[in-house]
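Hi everyone, thanks for making time.

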Amino acid sequence: MRSEYEANRAIEQYSDMVKRICFLHLKNHHDTDDIFQNVFLKYVTSTTEFASQEHEKAWFARVTINACKDLLKSFFHKNMVPLDAVAEESFSYSDEQSDVLEAVLSLPKKYKDVVYLFYYENYTAVEIAKIMNKNENTVYTLLSRARKLLKEKLGGDDFEQNT
Amino acid sequence: MNRIHNAFENVKADDALKQNTADFISKEIAKREKQNFVFKARYAAAAFAVVLCCVLGVVLYSLNVTSVSFISIDVNPSVELSLNCFNNVTAATAYNDDGKVILYNLKLEGMSYQNAVDEILESSEFDSYIKDDSLLTFTVVSDNDEEITKQIESCDNYKKYNGECHSAESKVMDEAHENGLSFGKYSAYLELKEYDDSVTAEQCNKMTMREIRNLIEEHTGSSSHNGGSNSENKNDNACSESNVTETKSTCSSSGKQHGKSHND
């Protein structure tokens, strides 16, 4: 089991990424709290030895994505609507940022993680394939389709990034 | 930089979320360490108990199978009983063919030596070796020889056959076994040898206890066993019945000096 010191370092280092992945999938604070606790507890109890910081970061991305999917799939979550389910996140965005976020959040579930990992975390399609345990070509396809949808919604050419 | 990167830039975990998570993890670590300690303590206790049981088992087993006391029963049949520290029979060994006949149908291992002695003396095979002048001799090698002697003397069958009971030293037993004799008969041989250097252990092995005793008495001039054991038996009976303590101590002390004098 990892120490409290290691846990605090990981919280400081990866909580923003975990938060963003939660933001893609979840709609309330309560679920985000759960995911945070689950992910960092898993980190503390995991016996995985990380070869590098990149390895550790990829581990957090994968575990968070899986935790979100598990939560959304759970019977309890499907059948219960928490009181703060409609509460909105209190981030301050410009109109431009808000439009982009809305466009990304409106994407089908299967595209969200790929778009986030590619455009924000700057992972390559090969790395994303490893993180998400998907075929490399599938990631290319998902990115291509997501890009097309975003372009339709937001216009512009800056989604045309080399994969 | 792309628009998506810019849009996500403001999505950050707030301090409260980080703090809540850190507090939760801190509590979980403390809880799990405590559970881990309890688990380890239980595991250690269980492991210790298992080790203790194994050690106790080995100790009990070794105590059970280790012979610490020995009883030689000799008429002509010569039989030795090995006893563990609980005074139970661990082995019964015949030292001549007659002894083998007696032990053939008897299962004595695990019995208390009192019961084993009764089993032997009550067996029809043993009875067939007892004649009017037969001499039944018990010889004990033990740190607890007085108690064992006392118990043997209190057996009904011991009284019935007017037995003799002596003690011997373990050194005598080792020598006896090297010569292929029971230590009861070997003790009698040593006593005879004091008066007659020419006698050998091999010769004594072929004699009955009565024959050895008669030869000893020829040298000592004693006649307490002469022509059978009746006169001595009466004395023995009188002794054991009227003053058991005295009889026992007499048997025991004479036994300690065995090889020099019998209980006559």
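Let's start with His25(A), which touches Cys68(A), Leu72(A) and Asp113(A), leaving aside residues up to four places away in sequence. Contact here means heavy atoms within 4.5 Å. Before going on, a word on conventions: this is a predicted model, where local features need pLDDT of at least 70, side-chain atom pairs count only at pLDDT 80 or more, and totals for chains, interfaces and linings use all residues. Residues are numbered from 1 along each chain as its sequence is written, chains are lettered from A and ligands numbered from 1 in the order in which they are written, and side-chain values use heavy atoms, with hydrogens and water left out.

Back to His25(A): it sits in helix α1 (residues 4-25) of chain A. Helices (H or I, at least four residues) and strands (E, at least two) are DSSP runs, numbered from the N terminus. Is His25(A) buried or exposed? It counts as buried, because its relative accessibility is 9%. The cut-offs are under 20% relative accessible area for buried, over 50% for exposed, and partly exposed in between, using a 1.4 Å probe and protein chains only.

One of the contacts of His25(A), Asp113(A), takes us to helix α6 of chain A, where Asp113(A) is among the buried residues. α6(A) covers residues 109-120, and its 12 residues should span 16 Å at 1.5 Å a residue; the end C-alpha atoms are 17 Å apart, which agrees. That expected span is 1.5 Å times one less than the number of residues. Of the 12 residues in α6(A), 10 are buried. What covers them? The cover includes α1, α3 (53-73), α5 (95-105), α7 (125-131) and α8 (136-154) of chain A, together with α1 (3-9) of chain B.

After α6(A) comes Asn122(A), in the loop between α6 and α7 of chain A. Asn122(A) has a positive phi of about 60° although it is not a glycine. Most residues other than glycine have a negative phi. Chain B has a case too: Asn87(B), with phi near 65°, in the loop between β2 (78-83) and β3 (89-94) of chain B.

Now the interface. How many residues of chain A are in contact with chain B? There are 41, and they meet 23 residues of chain B. The two chains bury about 3000 Å² between them, 66% of it on carbon and sulfur atoms; buried area is the accessible area (1.4 Å probe) that two parts lose on being put together, summed over both. There is one salt bridge between the chains, and it joins the side chains of Glu12(A) and Lys18(B) at 3.3 Å, N to O. The rule for a salt bridge is a side-chain nitrogen of Lys or Arg within 4 Å of a carboxyl oxygen of Asp or Glu.

Last stop, strand β4 (residues 137-141) of chain B. Five of its five residues are buried, so β4(B) is largely enclosed by the rest of the structure. Thr137(B), Thr139(B) and Val141(B) are on one side, with Phe138(B) and Val140(B) on the other. In a regular strand the side chains alternate between the two faces of the sheet. β4(B) runs antiparallel to β1 (residues 69-74) of chain B, with five bridges, and parallel to β5 (residues 164-167) of chain B, with four; pairing takes at least two DSSP bridges. For landmarks, Phe70(B) partners Val141(B), and Thr137(B) partners Glu164(B).
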